[in-house]
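Student: I would like to learn how to read a structural model step by step. Could we work through one together?

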Amino acid sequence: MANSASPRDYRELAAVFVGGALGTVIRTALSLLVAADPARWPWPTFAVNIVGAFLLGYFTTRLLERLPLSSYRRPLLGTGVCGGLTTFSTMQVETLRMLEHHHYGLAVEYTCASVVLGLLAVHLASGLVRRAAVR
């Protein structure tokens with residue numbers, strides 16, 4: 001039986017790989033600046049997640065609504081850079097460490113702020129793209 005799936009586009013995979021590597025290097029560099037402490041706000045993770053959410057909203061809206069279709073921009077910028085830059089798993093681990101060390105208020109504040117500000121960042125970025133004049 002023949003495989004009816006379309007052939008793989010390895011250039012698209014390469015775009016995800018390159019973007020992911022770039023995003024991961026940026027996130028790692030930022031996380032090395034501040035040691036994780038379950039009694040304090042994890043600024044590096046929080047910052048990259050909010051910035052990444054903003055960038056994802058910007059890239060997605062701009063690429064889908066303002067620019068000609070491209071097979072490589074969205075995998076490079078959205079999946080790759082933003083996926084490598086942001087880190088939901090680290091946020092979860094940090095939240096669990098806060099809970100294990102009985103910093104319940106901090107854990108709730110961090111989780112709520114991350115989700116709410118991440119959604120607001122996506123909304124703001126999408127709105128900025130949509131308000132910009134089309135040339």
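Predicted model: local features only at pLDDT ≥ 70, side-chain atom pairs only at ≥ 80, totals over all residues.

**Reading a helical model**

Student: What is the mean pLDDT of the protein, and which elements have the lowest and the highest values?

Tutor: Confidence is read first for the whole and then by element. The mean pLDDT of the protein is 88, and 93% of the residues reach 70 or more. Among the elements, helix 3 has the lowest mean, 87, whereas helix 5 has the highest, 96.

Student: Which residues of helix 2 are buried, and what covers them?

Tutor: A residue counts as buried when its relative accessible area is under 20%. In helix 2 the buried residues are P44, T45, F46, V48, N49, I50, G52, A53, G57, F59, T61 and L63. What covers them includes helix 1 (10-33), helix 3 (73-85), helix 4 (88-100) and helix 5 (104-131). In helix 1, A15, G19, G20 and G23 are buried, and the buried residues of this helix pack against helix 3.

Student: Why might a helix show a spacing of three or four places between residues that point the same way?

Tutor: An α-helix has 3.6 residues a turn, so residues three or four places apart point the same way. In helix 1, G19 and G23 are among the buried residues.

Student: Is T45 buried or exposed, and which residues does T45 touch?

Tutor: One reads the accessible area and then the contacts. T45 lies in helix 2 and counts as buried because its relative accessible area is 6%, under the 20% cut-off. Beyond its neighbours up to four places away in sequence, T45 touches T87, T90, M91, E94 and Y110.

Student: Where is M91, and which residues does M91 touch?

Tutor: M91 lies in helix 4 and is buried, at 6% relative accessibility. Its contacts, with residues up to four places away set aside, are T45, N49, Y110, T111 and S114. The C-alpha atoms of M91 and T111 are separated by 7.9 Å, although these residues are 20 apart along the chain.

Student: Which residues form the largest nonpolar core?

Tutor: A core is read as a set of buried nonpolar residues joined through their side chains. The largest one here has 10 residues: F46, I50, A53, M91, M98, L106, A107, Y110, A113 and A121. Helix 2, helix 4 and helix 5 each give two or more residues to this core, and helix 5 gives the most, with 5. One member, Y110, is in contact with W41, P42, T45, F46, M91, E94, T95 and M98, leaving aside neighbours within four places in sequence.

Student: How does a partly exposed residue such as Y58 compare?

Tutor: Y58, found in helix 2, is partly exposed because its relative accessible area is 31%. Leaving aside neighbours within four places, Y58 is in contact with A125 and V129. The C-alpha atoms of Y58 and R130 are separated by 9.5 Å, and the two residues are 72 apart along the chain.

Student: What is the phi of H102, and where is H102 placed?

Tutor: The backbone angle is read together with the residue type. H102 has a positive phi of about 65 degrees although it is not a glycine. H102 is placed in the loop between helix 4 and helix 5 and is exposed, with a relative accessible area of 56%.

Key:
Residues numbered from 1 in each chain as written. Heavy atoms only, no water. Helix = DSSP H or I, 4+ residues; strand = E, 2+ residues; numbered from the N terminus. Buried < 20%, exposed > 50% of the residue type's maximum accessible area, 1.4 Å probe, protein only. Contact = heavy atoms within 4.5 Å. pLDDT = per-residue confidence, 0-100. Core = buried A, V, L, I, M, F, W, Y, C linked by side-chain atoms within 4.5 Å.
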